Protein chains: 2
Amino acid sequence: MTPEQRHLNEFFELLRFPSISTDSRHKGDVEDCARWLADKLKEMGLATEIHPTAGHPVVVAKNDHRPDRRTVLIYGHYDVQPVDPLDLWKSPPFEPEVRDGMVWARGSTDNKGQHFAHILGVEETLRANDGDLPVNLIFLLEGEEEIGSPNLPGFLREHAEDLACDVVAVSDTGMVARGVPTMTYGLRGISCVEFVLRGPATDLHSGVYGGAVANPAMVAAQMAASLHDADGRVTIEGFYDKVQPLADWEREQWSKVADGEASTQAETGVPALFGEKGYSSLERRWARPTAEINGIGAGYQGEGSKTVIPSESMVKVSFRVVPDQDPQEIIKMARAHFEAICPEGVTMDFEEGHYGPAYVMDPFSDFGKAAQTALKKTFNADPVLIREGGSIPIIQSFKDILGVDTLMLGLALPDCQIHAPNENFAVENFEAGIRMNGALLEELGN
Amino acid sequence: MTPEQRHLNEFFELLRFPSISTDSRHKGDVEDCARWLADKLKEMGLATEIHPTAGHPVVVAKNDHRPDRRTVLIYGHYDVQPVDPLDLWKSPPFEPEVRDGMVWARGSTDNKGQHFAHILGVEETLRANDGDLPVNLIFLLEGEEEIGSPNLPGFLREHAEDLACDVVAVSDTGMVARGVPTMTYGLRGISCVEFVLRGPATDLHSGVYGGAVANPAMVAAQMAASLHDADGRVTIEGFYDKVQPLADWEREQWSKVADGEASTQAETGVPALFGEKGYSSLERRWARPTAEINGIGAGYQGEGSKTVIPSESMVKVSFRVVPDQDPQEIIKMARAHFEAICPEGVTMDFEEGHYGPAYVMDPFSDFGKAAQTALKKTFNADPVLIREGGSIPIIQSFKDILGVDTLMLGLALPDCQIHAPNENFAVENFEAGIRMNGALLEELGN
């Protein structure tokens with residue numbers, strides 16, 4: 001059996017666990033998956049422990065640590081998203097198979113394929129180096145990422161000493177294109193708010209009362225619409241005050257990323273792009289703050305017509321925040337904005353939601369340069385330095401609790417279908433991940 | 001037994017039929033109700049026929065018509081609204097009882113009580129006049145009003161000759177307050193539209209793509225919000241061009257209706273009133289055109305947050321139109337308005353909905369004055385002349401097909417709870433209705 005075949009066989013074993021963390025019926029599967037990983041890590045000679053939590057277990061594995069070496073923590077998650085709607089899958093989500101050079105299975109990219117490549121990379125290095133590694137290594141594998149990692153920050157705090165490290169490495173982000181090594185050095189943060197507007201005591205007949213009362217559906221629309229001007233800028237007072245402008249090198253790097261306008265349009269399927277004037281699509285997605293309506297609702301939404309003035313309406317808004325915006329301050333600004341414009345014809349019940357800051361590290365730090373070199377060696381191409389638009393709260397927890405930066409060396413391709421039917425992972429990226437781990441540990445060990 | 005007791009006993013028999021027209025399980029009950037009414041009218045000596053339709057039957061009854069008399073058609077409907085939620089009723093909806101001077105039952109006000117008062121009024125007149133009436137009378141009682149009278153216009157066209165008349169009388173509108181005789185001489189019309197906006201091919205992660213695409217939820221809010229200016233005026237170009245201004249006598253009459261501002265606020269329960277500047281609440285409700293959002297929806301509307309950019313959104317809008325607006329033209333104007341502002345980041349699927357013109361008659365015509373006199377005699381008070389804000393399509397059908405005006409002499413009190421649990425009808429209004437019928441036929445016969 002070739003090493004590649006052996007790697008795939010083991011990967012398939014891991015993929016067969018339906019470790020859906022959000023579904024309590026799969027609690028046993030999640031545990032079985034953790035045990036399988038722990039057995040694998042033990043077999044590789046690592047000191048491995050399964051830590052129960054209030055939810056699903058955390059697996060921690062280490063080699064023998066020596067004080068003269070850097071300590072690298074590799075994070076991954078072995079839980080997966082649900083698989084509905086099942087009938088859209090071309091092959092069953094937990095019966096992995098290779099077609100067209102891709103592994104098709106739930107969790108293949110997110111995140112089993114990416115962290116298991118690291119595990120196999122470590123195994124190869126251990127085998128080639130008589131059981132030694134160039135760094136002190138910690139594997140930290142959780143089973144609750146897809147439900148928001150509710151127990152991980154507590155776990156980090158409780159085991160902060162045991163998990164002390166110089167840097168974290170995670171492969172859970174994307175590559176801008178096949179064959180283009182990609183390092184993500186920044187993420188947007190988030191601030192969520194929502195409000196309910198109440199007007200009439202009950203739904204009213206829009207013939208009998210229409211024109212004489214503020215319609216909560218209309219007020220919701222007006223208040224939501226107030227968030228943007230015609231150029232796509234957020235109108236909340238002070239919203240942009242602390243935003244750090246993009247550096248020249250960032251704009252230059254990103255302008256070289258394979259056509260960001262075309263790819264954004266292709267990936268989203270929109271009839272035309274739209275966004276803040278003066279910025280490219282990638283700049284808008286990765287480095288500019290936003291206000292988005294995630295939900296709005298009032299009145300009759302079924303077929304046909306029902307001529308009511310609804311008694312209430314709701315709006316959910318999330319802001320993506322960038323360095324150096326303060327996400328709690330953004331929530332306060334949003335509250336002040338909506339309170340100032342809420343008309344007296346309705347009452348507003350405003351709720352402050354969850355939030356988290358943006359994250360950014362210096363890709364030209366020693367660690368950043370080591371990661372860039374590892375990527376270049378693995379893919380034989382200069383890495384692209386990007387940010388991503390989403391939030392990864394756990395990255396912020398590593399910064400806040402362990403005090404270290406995270407190298408995000410993602411292997412996900414744009415069409416990998418994570419969280420959707422027909423999730424897939426390129427076999428070449430799986431193998432590249434194994435090699436990348438070796439190169440990364442070598443660079444970080446220097 | 002007093003006549004009043006006899007009237008109530010028969011009324012209760014009529015109320016016991018659960019003649020819910022929208023519910024096919026009650027088809028037999030609707031038919032039984034029609035037969036009961038036909039039997040009653042026959043017993044009174046009227047030539048009565050039950051006409052089957054594609055839906056529920058129409059009952060037509062006539063006295064002997066003489067060419068030297070005016071012909072009056074009295075319209076009513078014997079079908080009722082559903083009764084859900086049943087547990088909110090203080091007494092069972094089809095077991096009528098009198099409490100606090102009110103008859104409590106589904107259909108008591110809408111419309112069994114009001115048309116049955118006319119029937120009993122005719123019976124009293126026939127009894128007092130040796131079987132004669134001062135007019136040629138036609139009773140037209142339908143069983144499909146609560147489902148939009150789908151078969152009545154066709155029935156009117158088919159039997160136009162048989163139903164030819166000089167004027168129609170209907171008691172299916174409201175009194176402004178207990179003891180205040182009220183004649184409704186105008187109704188607003190309606191124009192409905194709706195549109196769906198489609199942007200991304202699927203719901204997008206608002207972190208990954210937020211800021212780079214037009215968000216259909218936001219565009220829906222912006223397009224809905226575009227309908228009004230800050231003063232509550234509709235912004236659609238040409239919307240007010242054909243609107244007839246209120247006459248001085250109308251504004252004066254309505255300003256005397258027991259405090260319209262207070263009653264509108266009390267009935268609706270809004271924290272504050274709002275509407276087009278320069279008009280009172282009653283003027284806004286009865287004589288000014290409106291644009292109302294009846295439904296708006298997009299994205300995640302459940303508990304908590306889901307940070308999506310929804311792939312689509314929907315908005316339902318209805319306009320109340322007034323003399324001399326053309327409801328079809330208003331739909332065209334709305335389409336043009338939305339098409340002009342729909343941004344290129346979304347595609348719009350616009351649907352033209354149902355429509356009907358406003359109705360107004362001259363309350364100082366011969367028929368109008370006869371109705372006013374009948375009301376004054378019945379209630380010993382000067383009648384108030386009002387319009388209402390809702391639409392009654394059948395009134396327009398009488399105008400269009402039979403070519404006659406309708407006298408709307410409603411007996412419904414503001415707190416009668418039609419279409420809701422605990423519908424009720426004041427016993428005093430039931431008796432007043434019986435007397436009013438006599439006075440009306442006498443006046444019209446002069």
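This passage describes the arrangement of two chains in a predicted model, the interface between them, and selected local features of each chain.

Residues are numbered from 1 along each chain as its sequence is written, and chains are lettered from A and ligands numbered from 1 in the order in which they are written. Because the model is predicted, local features need pLDDT of at least 70 and side-chain atom pairs count only at pLDDT 80 or more, whereas totals for chains, interfaces and linings use all residues; side-chain values use heavy atoms, with hydrogens and water left out.

The contact takes 73 residues from chain B and 73 residues from chain A. The size of an interface is often given as the accessible area lost when the parts come together. Between chain B and chain A, the buried area is about 5200 Å², and carbon and sulfur atoms give 56% of this area; the value is the accessible area (1.4 Å probe) that two parts lose on being put together, summed over both. On the side of chain B, the residues that lose the most area to chain A are Met218(B), Asn294(B) and Ile296(B), which together account for 11% of what that side buries. Across the interface, 38 residue pairs are in polar contact, both residues being at pLDDT 80 or more; such a contact is a pair of N or O atoms within 3.5 Å, of which, within protein, one must be able to donate a hydrogen and the other to accept it, and residues adjacent in sequence count only if both atoms are side-chain atoms. Strand 11 (residues 290–299) of chain B gives the most to the side of chain B that touches chain A, with nine residues. That side of chain B divides into 30 nonpolar, 30 polar and 13 charged residues, with Ala, Val, Leu, Ile, Met, Phe, Trp, Tyr, Cys and Pro counted as nonpolar, Asp, Glu, Lys and Arg as charged, and the others, Gly among them, as polar.

Strand 11 of chain A and strand 11 of chain B run antiparallel and are joined by five bridges, and Ile296(A) stands opposite Ala298(B). Strands pair if DSSP finds at least two bridges between them; helices (H or I, at least four residues) and strands (E, at least two) are DSSP runs, numbered from the N terminus. Within chain B, strand 1 (residues 47–51) and strand 2 (residues 58–62) also pair in the antiparallel sense, over five bridges, and form a hairpin with six residues between them.

Methods: Contact = heavy atoms within 4.5 Å.
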